Amino acid sequence: MSKNKLRTILTAFGVFWGIFMLVVLLGAGNGMQHGIEREFADEAKNSLWIWGGKTSLPYKGMKPGREVIFTNDDAQSINYQVDGVEKLAPRTFFWGEYTISYKDKNGSYQIHGVNRDYLDINGSKIAAGRNLNPLDMKERRKVMVIGKRVKEVLFGADVPLDEVIGKYVKVMVLKEKKKEETTTTTTNTANTQKTDSNRVAGIYFQVVGVFTNKAEQGRLEERSVMPITTLQSTFNLYNRVHTMALTTEKGVRVSEVQGKVRQLLAGKHQFDVKDEEAVNLNNNEENFERFMGLFDGIAAFVWFISMCTLIAGIVGVSNIMLIIIKERTKEIGIRKAIGATPFSIVSLVIQESIIITSVAGYLGFLAGVGMLELIGYFITQAKNEIRYFTYPVVNLNLIFIAIGVLVVAGALAGLFPAMKAANIKPIEALRAD
């Protein structure tokens, strides 16, 4: 090995590259998988999200293009008439310019009207205080559960979460500008004047809880929620529901409920049940299973490519061992002539093979881990800019098992050349050119 350094290095490089690629590809695959799982986070995997669209097919003499608008009755009908529904959460939100303020601090954040099941389905966790409850809904209480990032802006990141419970925040809604025409008459002419109405309504809500959410890298924490009944009555959105989310009972697949929901809504809103654009349905269960199946395929592909690379490296080791045996034929003949046993000849060749594969494999492992750490560093610096990829990690047990298999394979790669060397007759070896 020391005499033929370049050949030894080139032989070891094939093994080094195989382990290096295995570590990097497995780490990258895990990073992507964890990134996708982070997007789902704690959101219910057996959930179905429903929102209205526009009809694209004519139905019973009605033209396409009709907008499907949900109401509270739609949510109640799904909850009580569709078998297999465990939880159902309607959601309403209002459009326009509005801010949430506390004393001299304010920010523009989405405000949704929901029930207590919404946060559970959406994967949010109560970090302080409480969730919305049935009394909040019934009495239309002016209470609010704010996201953690909303809390940090309004109250400060250093303020403990428990200290914001019971505080009152102000929701200021900037009403749409209207052109009001007023007519003034003089003795000679009638002048029409336009004035802008830009009134701001401020309503106070008591903070009863703070929630956290890992999905979308914490972006959902930039929202606040209040009882849907409160939002509908306070902001003139009576009986309006924008989206609905539901989960299924244990043992019931979302796809089984999905068809029943579409059929029920088609009957209530008078559209063709085959019209997929009338109502949009997002099946989280199917999405999650599709992603997991994709990553299983990616993992299998990574292992296949890496194993092929390793096998190529091992074959290279075996071929080099054959060349070495041919070059050292006279040396082996002399060793046998002075009493070397076949075992000593075999072990001489196998040891060289094992050293090459084990050292090259270990160096490939170190280089692969170093590459993953470098990738992880850049991901950390990017912070929230990379959504579907997180810090790449690799299962060390799998890598050590792969290196162990590699060493055994290296020994087997040198075994055939070693057996050939052990069978060389001294007289024939000494005559070899």
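Predicted model: local features only at pLDDT ≥ 70, side-chain atom pairs only at ≥ 80, totals over all residues.
Q: How many residues does the largest nonpolar core have?
A: The largest nonpolar core has 31 residues. Those with the most contacts inside this core are I19, V23, M321 and I399.

Q: Which elements give two or more residues to it?
A: Those elements are the helices α1 (5-40), α8 (284-327), α10 (342-382) and α11 (396-422).

Q: And what does I399 touch?
A: Leaving aside residues up to four places away in sequence, I399 touches L22, V23, L26, F365 and V394.

Q: Which residues are among those of the other core?
A: Another core, of 25 residues, lies apart from the largest one. Its residues include A75, L88, M244 and V254.

Q: Changing topic, where is S224?
A: S224 is placed in strand β12, which covers residues 223-227.

Q: Is S224 buried or exposed, and why?
A: S224 is buried, because its relative accessible area is 0%, and the cut-off for buried is under 20%.

Q: What does S224 touch?
A: Not counting residues up to four places away in sequence, its contacts include I100, Q110, H112, M144, G147 and F211.

Q: Which residues does UniProt list for "transmembrane region"?
A: An unreviewed UniProt entry lists residues 9-28, 300-325, 337-356, 362-380 and 392-416 under that name.

Q: What is the chain like over residues 362-380?
A: That span is 100% helix and 0% strand, and its end C-alpha atoms are 27 Å apart.

Q: And what about residues 337-356?
A: Residues 337-356 are 80% helix and 0% strand, with their end C-alpha atoms 28 Å apart.

Notes
Residues numbered from 1 in each chain as written. Heavy atoms only, no water. Core = buried A, V, L, I, M, F, W, Y, C linked by side-chain atoms within 4.5 Å. Buried < 20%, exposed > 50% of the residue type's maximum accessible area, 1.4 Å probe, protein only. Helix = DSSP H or I, 4+ residues; strand = E, 2+ residues; numbered from the N terminus. Contact = heavy atoms within 4.5 Å. UniProt positions renumbered as here; feature names shortened; annotations may be inferred.
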